[in-house]
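Dear colleague,

I am handing over the structure below, and after it I set out what was found. Please read the notes with the structure open beside you.

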Amino acid sequence: MTLVRVKGFKIFADRHGQMRCNHRSTNQKVDLQKSPLGSAEFFADCARISAAALALKQIQPKPGTLGGLIAVYFAEAHFLERSKATKREYRMCAEVLKPILDTPVSSINTPLLAAIHDKLAKKHSWDKANRVRNFLIQVFKFCIPKGLISKNFAEDVIRKPRPKDTPEAYRTWTFEEVQTVLEAASPQLRAALAMIFCTGQDPSDALEFRKDQENDGIIWKGRNKTNVGAAIPISSILEIELAMAPAHDAETLLASSKGTPWTYDGFASAWQRLRIKHEKAGKVAPGLTPKGLRHTMATWLREAGQDEREISDLLAQDSKVMGLHYSKNAALARKNKKTMQAWEGEYERRAQKAKLSNPQKKPSNPDKEFKFNE
């Protein structure tokens, strides 16, 4: 038999005497039944596998570079245990830095990062530049103990200030905007927006509420971002909204039109289509975001006379209660029920005000009107 050798490949006979051919670095196999050893097809397959392996190697982060540091951080448990929203943001930041991932670690210093920060602010926005800065702070923080970089050079980069004429990031919704959007949304999207509106939770948290996390009118769940314990009362408003939503078999309280749990991207896509349509029609003002509904609840509660601690407890923000056991959170649940009642009262006050200011207006669908004291 003619001896065949190909660089980067291991050609051998297995324990049954059958000839095999594997690419050494990727262990990808050449099918010798379809491409006999030494044939033109065999050498073509070897060339294809070698080219693919080389291309893959070229796009992998190189050790001793910025890309290498980011790859190390992405393998850290600190990153892997982050919320889905934070992971998306950090991967976005890595994508923004893609053109300079080959920068040697030895070249990284504060002046270089400050210059990159300035360039990103001009090319993208002050906010994205600050997000990338914060991401690099986390990357360097976890690479220093490994001896991969000597200092957290990103910490000394000065954050870009918010321009004075920049609109509020997550502005509050008016009562009329809430009504307009809910009436126009599909049943599934309406239920999702109502959940955010009536609980004051972050969209990524509200979409993931499971049926087994609800007990006796309380949703028990830690925030994805902080794991702060939450005891969220289901208001009478939300009860009506969930009752109107189409039935589904998903494990979550909410479901998409497919009857499966919402993905964040699916929800965001459905929301953007609705928002753009209504902005163009002049039915809502620019700047509406689902997260703005969280700010809306906080604003309404402040106007209803609730203090910061009461609001923070309901929104699961900076709470000291970390466990989710009912016995530990019972007091918090009772307290949050009273806070939720204050929010319902504020909603009713605004509903009456809207009705008095426009007595001729009739709801497009009376069955979808919020009702109280039923």
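Predicted model: local features only at pLDDT ≥ 70, side-chain atom pairs only at ≥ 80, totals over all residues.

F140 has a relative accessible area of 0%, and because buried means under 20%, F140 counts as buried. Leaving aside its neighbours within four places in sequence, F140 is in contact with L66, L69, I108, L113, I149, K151, N152, F153 and A154. S150 stands ten residues from F140 in sequence, and the C-alpha atoms of the two are 8.8 Å apart in space.

Turning to the nonpolar cores, the largest has 46 residues, and those with the most contacts inside it are V181, L193, M195, F197, F267 and W343. At least two residues of this core come from each of several helices, among them helix 7 (175-184), helix 11 (264-280) and helix 14 (326-357), while helix 8 gives the most, with eight residues. Another core, of 28 residues, lies apart from it and includes V132, I137, F142 and V157. In soluble globular proteins, nonpolar side chains tend to be buried together.

There is also an open sheet of three strands, in the order 3-4-5, with antiparallel pairing. Strand 3 (214-215) and strand 5 (231-233) stand at its edges, each with a single partner strand, so one side of each is left without a neighbour in the sheet. Strand 4, residues 218-220, is joined to strand 5 by three bridges, and I218 has P233 as its bridge partner in strand 5.

With best wishes

How values were computed
Residues numbered from 1 in each chain as written. Heavy atoms only, no water. Pairing = 2+ DSSP bridges. Helix = DSSP H or I, 4+ residues; strand = E, 2+ residues; numbered from the N terminus. Core = buried A, V, L, I, M, F, W, Y, C linked by side-chain atoms within 4.5 Å. Buried < 20%, exposed > 50% of the residue type's maximum accessible area, 1.4 Å probe, protein only. Contact = heavy atoms within 4.5 Å.
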